[in-house]
Amino acid sequence: MTSQGSRKAVVFFEVEILDAKTKDKLCFLDKVRPLHKYYPQWYAARQSIRLDPKGKSLKDEDVLQHLPVGTTATFYFRDLGAQISWVTVFLTEYGGPLLLYLMFYFRVPFIYAPKYDFTTSKHWVVHLACMCHSFHYLKRLLETLFVHRFSHGTMPLRNIFKNCTYYWGFAAWMAYYINHPLYTPPTIYGEQQVRIALVIFLFCQVGNFSIHIALRNLRPPGSKTRKIPYPTKNPFTWIFLLVSCPNYTYELGSWFGFTLMTQCLPVAFFTAVGFIQMTVWAKGKHRSYLKEFRDYPPLRSPILPFVL
């Protein structure tokens with residue numbers, strides 16, 4: 001219904017909310033009143049409001065007047081389930097590997113034979129690997145607290161169990177073998193291999209951090225603005241010329257270096273699985289960039305320059 005004022009037309013909307021699965025009417029809104037006022041168990045973070053039952057969720061910044069609806073608008077609601085903040089998720093899934101690895105490094109009781117309790121390895125690469133692994137996850141924890149800006153504040157609670165199983169499980173598996181009393185360091189190229197691996201690891205860690213800073217600076221505090229990331233004066237960001245998601249490229253490089261350093265099969269397997277998952281994420285983000293920005297640089301690949 002449109003009401004004519006002096007010079008401005010004021011449009012009044014009536015909104016009905018239907019369950020996306022059953023099509024049952026949940027409520028009818030003729031006033032500006034949030035859905036969770038009617039259903040307190042469905043707080044804002046767990047709501048998905050759509051124009052079509054199988055369509056995409058509307059964004060928080062979408063304006064009713066700009067949507068393709070009439071004066072009586074029908075929307076479909078889907079419950080996203082219990083939610084948890086991204087910060088909590090990241091702190092949990094990154095804090096676990098840090099603590100677990102240190103338990104194996106210090107050989108706390110009940111992990112290896114009793115005679116090895118609280119002993120240390122005689123191989124310097126084992127101590128180096130512990131420092132690198134700890135540095136990596138401390139960096140991730142600090143970035144979560146002070147660097148990352150999340151476009152979505154929450155994620156489904158069930159995901160934390162899946163994510164922790166992945167990160168914690170792999171950390172324990174890797175740590176068990178690297179810190180095992182019978183572990184043997186790289187023998188073919190020896191110390192030279194370990195030193196090269198350390199350079200690769202540190203180079204990629206700095207690169208990964210540089211990309212995270214560059215991405216952070218693209219989004220003002222409290223904003224969900226999306227922009228095309230471009231290289232900055234920092235040389236580590238110049239890879240943006242060829243790759244859409246260089247943070248994943250550097251992450252892959254770090255774990256490749258760690259694999260080369262430890263020459264441990266579980267680490268190699270973790271690197272391979274991580275590469276597959278990061279490729280899926282990178283391809284998705286790359287497609288999103290191409291769809292959203294018409295002037296997106298055509299030479300960029302999702303994760304590996306000219307390859308993938």
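Trainee: With which residue does arginine 140 form a salt bridge, and how far apart are the closest N and O atoms?

Mentor: Please note at the outset that this is a predicted model. As a general idea, side chains of opposite charge can pair when their charged atoms come close. In the present case, the partner of arginine 140 is glutamate 251, and the closest N and O atoms are 2.2 Å apart.

Trainee: Is arginine 140 buried or exposed, and is glutamate 251 buried or exposed?

Mentor: One reads this from the relative accessible area, where buried means under 20%. Arginine 140 has a value of 10% and is therefore buried. Glutamate 251, at 6%, is likewise counted as buried.

Trainee: How many salt bridges does a search of the whole structure find?

Mentor: The search finds four. Among them is the pair of arginine 195 and glutamate 191, whose closest N and O atoms are 3.1 Å apart. Both residues lie in helix α4 (residues 190-218), four residues apart, which is about one turn of the helix. As for accessibility, arginine 195 is partly exposed at 49%, and glutamate 191 is partly exposed at 42%.

Trainee: Which residue pairs with arginine 226?

Mentor: Arginine 226 forms a salt bridge with glutamate 292, with 2.7 Å between the closest N and O atoms. Here again distant parts of the chain are linked: arginine 226 sits in the loop between α4 and α5, whereas glutamate 292 is in helix α6 (residues 265-292), 66 residues apart. Arginine 226 has a relative accessible area of 34% and is partly exposed; glutamate 292 is also partly exposed, at 39%.

Trainee: How does the span of helix α1 compare with the expected value?

Mentor: Helix α1 (residues 86-105) has 20 residues and reaches 29 Å from first C-alpha to last, close to the 28 Å expected at 1.5 Å a residue. Just after α1, arginine 107 takes a positive phi of about 50°.

Trainee: What covers the buried residues of α1?

Mentor: The buried residues of α1 include Phe90, Glu93, Tyr94, Leu98 and Tyr101. Their cover includes the strands β7 (83-85) and β8 (154-156), together with the helices α2, α3 (158-178) and α5.

Trainee: Which residues does the UniProt annotation "transmembrane region" cover?

Mentor: An annotation should be read beside the model. The UniProt record, an unreviewed entry, places this annotation on residues 84-104, 163-182, 194-215, 236-258 and 264-282. In the model, residues 84-104 are 90% helix and 10% strand, with end C-alpha atoms 30 Å apart. Residues 163-182 are 80% helix and 0% strand, and their end C-alpha atoms lie 30 Å apart.

Trainee: What share of the accessible surface belongs to carbon and sulfur atoms?

Mentor: The accessible surface of the protein chain comes to about 18000 Å², and 65% of this belongs to carbon and sulfur atoms.

Key:
Residues are numbered from 1 along each chain as its sequence is written. This is a predicted model: local features need pLDDT of at least 70, side-chain atom pairs count only at pLDDT 80 or more; totals for chains, interfaces and linings use all residues. Side-chain values use heavy atoms; hydrogens and water are left out. A salt bridge is a side-chain nitrogen of Lys or Arg within 4 Å of a carboxyl oxygen of Asp or Glu. Buried means under 20% relative accessible area, exposed over 50%, partly exposed in between (1.4 Å probe, protein chains only). Helices (H or I, at least four residues) and strands (E, at least two) are DSSP runs, numbered from the N terminus. UniProt positions are given in the numbering used here, feature names are shortened, and annotations may be inferred rather than shown by experiment. Accessible areas come from the Shrake-Rupley method with a 1.4 Å probe; for residues, only the protein chains shown count as cover. The expected span of a helix is 1.5 Å times one less than its number of residues. Contact means heavy atoms within 4.5 Å.
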